[in-house]
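Reader: I have a model open and would like to learn how to read it. Please start with the strands.

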Amino acid sequence: MSAAAGTATAQEGTEGGDGGGGGGPPDFGGFLDQVGNYDGSVTDATGQDTATVEVGVQANGGAFGFGPPAIHVDNGATVQFEWTGNGGGHNVVSDGDGPLDSGSAVSSAGVNYEHTFEEDGIYPYVCVPHESLGMKGAIVVGTDYPTKSSGGGGGSGSSGPPEVPNSAKTLGVATSFVMVATLGLAYFFIRYGGDYETPE
C-alpha cells in the first residue's frame with residue numbers, strides 16, 4: 001500500500017503547487033514536532049481529487065502513526081483514511097474545532113473514514129486513544145493557509161529585526177543614567193571645583 005495517493009514529497013520550504021499563504025512552508029505551530037514519523041516534509045497530493053492517509057503506520061514506538069503525517073491537497077479534494085489494521089483501535093478527530101470526526105476507535109483494515117475539504121487552511125487531527133504517544137497528523141488545504149515567514153538567514157523563521165529582551169533594555173537605561181550622572185558631576189567639579197590657593 002502506498003503511504004498516500006501521490007507519492008511526490010516536497011520539503012516544506014520548496015513545497016509544490018502554489019505554496020499558498022505567500023509561498024512559505026505551512027506553519028503547524030509546533031503541532032507535529034513530537035510526531036515520530038514527521039521529518040519536516042509535506043506530501044504533495046495537489047492536483048488529485050482523492051488522497052489517502054494510512055492510519056496505524058509504524059511510528060511513535062509501534063503502529064501509532066498516520067502516513068503521511070502531513071499532506072497538502074487542493075480545495076475540494078477528498079482525503080480517505082485507510083486503516084492498516086495494526087496498533088489496535090484508532091480514530092481520526094480534529095484537534096480543537098475542526099470538521100474531522102470518524103467516531104469511536106476502529107481496528108478493522110480498510111477505508112473507514114473520508115472527508116472532502118471545502119475551505120483552505122490547515123487541519124490538525126489526532127487519534128484520541130494514542131494522542132499521548134504522538135499519533136497526530138495535519139492536512140494542508142488549498143493555497144490560503146498560515147505559513148512560516150521566511151527569514152533571510154533561515155534561523156528562527158521570524159521576520160523583522162531581533163527583539164531586545166526587557167532585561168537588556170533596563171540595563172541600557174541604567175547604564176545611560178549612570179553615565180549622564182558621572183558626566184554631570186565631573187562638569188560640576190571642574191566648573192565649581194574646590195578652593196585652590198594661588199601661589200603669590
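Author: Two strands count as paired if DSSP finds at least two bridges between them. Strands themselves are DSSP runs of E with at least two residues, helices are runs of H or I with at least four residues, and both are numbered from the N terminus. In this structure, β2 and β5 pair in the parallel sense over 2 bridges. Within that pair, Thr43 stands opposite Ile71 in β5.

Reader: What should I know about the model itself?

Author: This is a predicted model, in which local features need pLDDT of at least 70 and side-chain atom pairs count only at pLDDT 80 or more, while totals for chains, interfaces and linings use all residues. Residues are numbered from 1 along each chain as its sequence is written, and side-chain values use heavy atoms, with hydrogens and water left out.

Reader: How many helices and strands does the protein chain have?

Author: There are 10 strands and 1 helix in the protein chain. Read from the N terminus, the order is β-β-β-β-β-β-β-β-β-β-α.

Reader: How many residues of the protein chain are buried, as a percentage?

Author: Buried means under 20% relative accessible area, exposed means over 50%, and partly exposed lies in between, with a 1.4 Å probe and protein chains only. Of the 200 residues in the protein chain, 37% are buried. The accessible surface of the chain (Shrake-Rupley method, 1.4 Å probe; for residues, only the protein chains shown count as cover) comes to about 11200 Å², and 52% of that belongs to carbon and sulfur atoms.

Reader: Which residues of β2 are buried?

Author: In a regular strand the side chains alternate between the two faces of the sheet. In β2, Ser41 and Thr43 point one way, Val42 and Asp44 point the other way, and all of them are buried.

Reader: Why is β10 described as largely enclosed?

Author: β10 is largely enclosed by the rest of the structure because 6 of its 6 residues are buried. On one side sit Lys136, Ala138 and Val140, and on the other Gly137, Ile139 and Val141, so that both faces are covered. β10 pairs with strand β5 (residues 70-73) in the parallel sense over 4 bridges, and Val73 stands opposite Val141 there. With strand β9 (residues 121-126), β10 pairs in the antiparallel sense over 6 bridges; here Pro124 stands opposite Ala138.

Reader: What is the nearest side chain of opposite charge to Lys136?

Author: Charge first: Lys and Arg count as positive, Asp and Glu as negative, and His and the chain ends are not counted. A salt bridge is a side-chain nitrogen of Lys or Arg within 4 Å of a carboxyl oxygen of Asp or Glu. Lys136, found in strand β10 (residues 136-141), is buried yet has no salt bridge, and Glu131, the nearest side chain of opposite charge, is 5.1 Å away. Contact means heavy atoms within 4.5 Å. Residues up to four places away in sequence aside, Lys136 touches Phe31, Leu32, Val35, Phe66, Pro69, Tyr125, Val126 and Glu131.

Reader: Which residues is Ala63 in contact with?

Author: Ala63 lies in strand β4 and is buried, at 7% relative accessible area. Apart from neighbours within four places in sequence, Ala63 is in contact with Gly56, Val57, Gln58, Asn86, Gly87 and His90. Ala63 and His90 are 27 residues apart along the chain, and their C-alpha atoms are separated by 10.0 Å. Across the protein chain, 70% of the contacts with a separation of 6 or more are between residues 24 or more positions apart.

Reader: And the loops?

Author: Pro68, in the loop between β4 (62-67) and β5, is joined to Gly67 by a cis peptide bond, with omega about 0 degrees. Asn60, in the loop between β3 (50-59) and β4, has a positive phi of about 60 degrees although it is not a glycine. Asn60 is buried, with a relative accessible area of 17%. Gln48 is in the loop between β2 (41-44) and β3 and is partly exposed, at 22%.

Reader: Which residues form a nonpolar patch on the surface?

Author: Patches are made of residues with over 30% relative accessible area and no salt bridge; like charges are joined within 9 Å, and nonpolar side chains (Val, Leu, Ile, Met, Phe, Trp, Tyr) within 5 Å. Here the nonpolar patch consists of Leu185, Phe188, Phe189 and Tyr192, together with about 470 Å² of accessible area. Phe189, in helix α1 (residues 166-191), counts as exposed because its relative accessibility is 54%.
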